[in-house]
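The following paragraphs lead the reader through a structure, one region after another. Please keep the sequence and the model in view while reading.

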Amino acid sequence: MNFDDISALDKADPLAKKRLEFDLPTNTVYLDGNSLGALPTAVKSRIADVVSKQWGNHLIRSWNDHHWIDLPTNVGDKIAPIVGAELGQVICCDSISVNLFKLLSSALSLNSARSIVLSTQDNFPTDLYMVQGLSELLGPDLCQLQLVAEEQIEQSLNEDVAVLLLTQVNFRTGQLLNMEKLTQLAHKQGILVIWDLAHSAGALPVELDKCKVDFAVGCGYKYLNGGPGAPAFLYVAKRHHALVKQPLSGWMGHAKPFTFDPEYKSASNINQFLSGTPCVISMSALDAALDVWQDVDILEIRQKSIALCDVFIRTVQMHDCLHELKLCSPSAANQRGSQLAFSHDNAFAICQALIEKGVIADFRAPNILRFGFTPLYTSFEDIWQAVTILVDVVTSELYKEPRFNLALKVT
Ligand SMILES: *Cc1c(COP(=O)(O)O)cnc(C)c1O
């Protein structure tokens, strides 16, 4: 593998032109789009319009005139095809954490003869914290968390389990779980399944309907590029809409919010999962960001993601000086998402030094250096450059300098 091979890959890349739809800083290789997606150019003009014209001039009329009130459903409808869902099952609102509270409560009450929520030890902590909070609220007779290792999920599915809560792509290692198989095995035991798509929506093909998933949540600010703190989304399979009940029964989930009825009566469709007023400015940013996907084939995203990871691994392996970086992601491409994790005793300091040199990666405690690959705007040349700089940081021992070894609030 040499620089000519890299250039050839970029020339043959059908997604290469999508990069022009993003505003990226120069002299930067951004390998952290799995944490905060880059800025789609269209978002800038949309936000200027929402603030100056819609809010500034049209004020409250914009709820109708500019369809602010429909943003949660319209944005949900734009996300639906990205996650393999027929329309009317996805809605944009709140954060993943809050949406998990709604879905966990819903699933537990649909399966109320059982109390166990089964999840993995290495799941993203907020997912586990939300179960713990709900368990405190409802008591152990109605909700208790059971944690197992990823390899033990299958053997832990039994008739005591009410809900299986899984993240499709592990946030640290990038391990990809088999959604179709695990959902099917869970259903055989009468278990309802909630999938967290934070690291899969927009990174690889997701087939919620085809896999007969019950519930899902996903992130607006990672691979969907909705901006910092962008609202999240949730999915509820249509077959559950009539029976389900969620406890954050705010007015936006009411069948007729503007009758101001003192009694709550939930909407019969996916809108019943709304609670309060949508965050119009950031939801508009996500709405504009999603237009980038209109002409994108998610299979091409997956192919390029696999190729980017492959080139990264191969270029790292070309350099003996990088032998202390141990790949902790699965080595088989079909078993991982769109990120690579390497362990190293000095992972934190190496990451800080890389950032100073213009390669944005991130660190995950205790010793993981994580690189995210976003096929919409990452080129093969980016990968080549990132590894070249990584070699420089490691061989020069630049990372040992004290300024790279100071603790940060956000990593
Ligand atoms: C990023 C991420 C979240 C974020 O949750 P918020 O409540 O939206 O901040 C949740 N779960 C997983 C798996 C994540 O990767």
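In this predicted model, Phe 260 lies in the loop between β10 (233-236) and α8 (280-290). The backbone of Phe 260 has a positive phi of about 50 degrees, although the residue is not a glycine. Most residues other than glycine have a negative phi, and most peptide bonds are trans. Phe 260 counts as exposed because its relative accessibility is 57%, and the limit for that class is over 50%.

A positive phi, of about 60 degrees, is also found at Glu 397, again not a glycine. Glu 397 belongs to the segment after α11 (380-395) and is partly exposed, with a relative accessible area of 40%. Glu 397 also forms a salt bridge with Lys 400, in which the closest N and O atoms are 3.4 Å apart. Lys 400 is likewise partly exposed, at a relative accessible area of 48%.

The peptide bond between Ala 365 and Pro 366 is cis, with an omega of about 5 degrees. Pro 366 is placed in the loop between β14 (362-364) and β15 (368-372).

The next region is the surroundings of the ligand. Which residues surround the ligand? They are Ser 95, Ile 96, Ser 97, Phe 124, Thr 126, Asp 127, Thr 167, Asp 196, Ala 198, His 199, Tyr 221 and Lys 222. This shell divides into four nonpolar, five polar and three charged residues. Two helices, α5 (96-110) and α6 (125-138), each supply at least two residues of the shell. At Ile 96, a backbone N or O atom lies 3.0 Å from an oxygen atom of the ligand. The side chain of Asp 196 has an N or O atom 2.9 Å from a nitrogen atom of the ligand, while an N or O atom in the side chain of Tyr 221 is 3.3 Å from a ligand oxygen atom. On its own the ligand has 400 Å² of accessible area, and the protein covers 88% of this.

Ser 338 is found in the loop between β11 (326-327) and β12 (339-343). At 0% relative accessibility, Ser 338 counts as buried. Its side chain makes a polar contact with the side chain of Ser 305 at 2.8 Å and reaches the backbone oxygen of Phe 373 at 2.6 Å.

Side chains of opposite charge can pair when their charged atoms come close. The whole structure contains 21 salt bridges. One of them links the side chains of Asp 23 and Lys 44, at 2.7 Å from N to O. Since Asp 23 lies in strand β1 (residues 22-23) and Lys 44 in helix α2, the pair ties together parts that are 21 residues apart in sequence. Asp 23 is partly exposed at 33% relative accessibility, and Lys 44 is partly exposed at 43%. A salt bridge also joins the side chains of Arg 314 and Asp 310 (3.0 Å, N to O). Both residues lie in helix α9 (residues 298-317), four residues apart, or about one turn of the helix.

Finally, Val 51, Trp 55, Leu 59, Ile 60 and Ile 281 make a nonpolar surface patch of about 500 Å². Leu 59 sits in the loop between α2 (41-57) and α3 (62-65) and counts as partly exposed, at 48% relative accessibility.

Note on methods
Residues are numbered from 1 along each chain as its sequence is written. This is a predicted model: local features need pLDDT of at least 70, side-chain atom pairs count only at pLDDT 80 or more; totals for chains, interfaces and linings use all residues. Side-chain values use heavy atoms; hydrogens and water are left out. A residue is near a molecule or strand if one of its heavy atoms lies within 4 Å of it. A polar contact is a pair of N or O atoms within 3.5 Å; within protein, one must be able to donate a hydrogen and the other to accept it, and residues adjacent in sequence count only if both atoms are side-chain atoms. Accessible areas come from the Shrake-Rupley method with a 1.4 Å probe; for residues, only the protein chains shown count as cover. Ala, Val, Leu, Ile, Met, Phe, Trp, Tyr, Cys and Pro count as nonpolar, Asp, Glu, Lys and Arg as charged, and the others, Gly among them, as polar. Patches are made of residues with over 30% relative accessible area and no salt bridge: like charges are joined within 9 Å, nonpolar side chains (Val, Leu, Ile, Met, Phe, Trp, Tyr) within 5 Å. A salt bridge is a side-chain nitrogen of Lys or Arg within 4 Å of a carboxyl oxygen of Asp or Glu. Buried means under 20% relative accessible area, exposed over 50%, partly exposed in between (1.4 Å probe, protein chains only).
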